[in-house]
Amino acid sequence: MTSLMTRSRSAAAARPNDGDGPRVRWRDLVAAEWIKLWALRSTHWVWGLGTLILLGLALQSSLDTYDSWPQYGPVQRSHYDPMSEALSGAGVALLMIGAGTTGALSIVGEYASGLIRATLTAAPARHRVVLAKAVVLAAVMSGVGAFVSLGTFTLSQAVLSGRGIGFSVGDPGVPGVLAANAALAPVSALVGLGLGALLRHTAMSVVTTCGLLVVLPGFFKPTVHQWANELFGYFPYYAWRGTLSQLHPRTGGALPTAAEAWTGFGLWPVLAVILAVSVVRRRDL
């Protein structure tokens, strides 16, 4: 009889349940997700080491430009954008990969360890658990993104100011670029969360997230087909590289407008969270 009751409780816990059972306070859900996120060793390693690498890349790139500046011709100087030293293409790729991996592991890790069963037994409203996880992830990654954005900007412009070409935070166009640089982290993390909930496999989730955010956009090139250009412009990496990272973005049918780029930035995390909520609510554990 005891064995039968145990199996019955286990089966009940494994079935999708999004409303029955005790209703856990929202702040307790958020607190629990905060603890679980920081309990992941990957969170400390990825963002401790990763932040240092990004700061180092910005510093090295700025020093290279500082040394080479006397050899720049008039044309090169007229087209030079000092903001490009803060976050280069390589730096952005690392930032998006690190954030996307953190987002994927934040949910895949629970499935791999079996902790998700205890979580959903204690808080049967699955959509609230996923939303709490998304809120904590977005908040933490926004803080990381802001630190990286401001840190790389401060280092790079301090070096470039020695040549009289550095910017300050209040200069025209600079706040928008800094905001876009910072937004890359939470956007990528929430995309990772959605793919992790969908795939539920550590390696597959991480590889798919990195491929979707960084590798796939690299194959996109402006074409004569306007519909393709508009589609490509909604990918976060492409939108950032072509528009949002520039103080004076180029215009043209093959490039996204600022409105399209920011729309893409907003749509990806929203759709990813909707995906995560949907699959967690409908699937068995």
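User: Which residues make the nonpolar surface patch here?

Analyst: In this predicted model, the nonpolar surface patch is made by Trp 45, Leu 49, Ile 53, Leu 57 and Leu 94, and it covers about 510 Å².

User: And which helix gives the largest share of the nonpolar patch?

Analyst: That is helix H3, which spans residues 41-68 and contributes 4 residues to the patch. Leu 49, for instance, has its place in helix H3.

User: Switching topic, how many salt bridges does the structure hold?

Analyst: The structure holds 5 salt bridges. One of them pairs Arg 25 with Asp 28, whose closest N and O atoms are 2.9 Å apart; Arg 25 is partly exposed at 47% relative accessible area, and Asp 28 is partly exposed as well, at 32%.

User: What does Lys 36 meet in a salt bridge?

Analyst: The side chain of Lys 36 meets that of Glu 110, with 3.1 Å from N to O. This pair links distant parts of the chain, since Lys 36 lies in helix H2 (residues 26-39) and Glu 110 in helix H5 (residues 89-113), 74 residues apart.

User: Which other salt bridge does Glu 110 form?

Analyst: Glu 110 also forms a salt bridge with Lys 133, the closest N and O atoms being 2.5 Å apart.

Key:
Residues numbered from 1 in each chain as written. Predicted model: local features only at pLDDT ≥ 70, side-chain atom pairs only at ≥ 80, totals over all residues. Heavy atoms only, no water. Patch = residues over 30% accessible without salt bridge, like charges linked within 9 Å, V, L, I, M, F, W, Y side chains within 5 Å. Areas by Shrake-Rupley, 256 points an atom, 1.4 Å probe, with all protein chains shown as cover. Salt bridge = Lys/Arg side-chain N within 4 Å of Asp/Glu carboxyl O. Helix = DSSP H or I, 4+ residues; strand = E, 2+ residues; numbered from the N terminus. Buried < 20%, exposed > 50% of the residue type's maximum accessible area, 1.4 Å probe, protein only.
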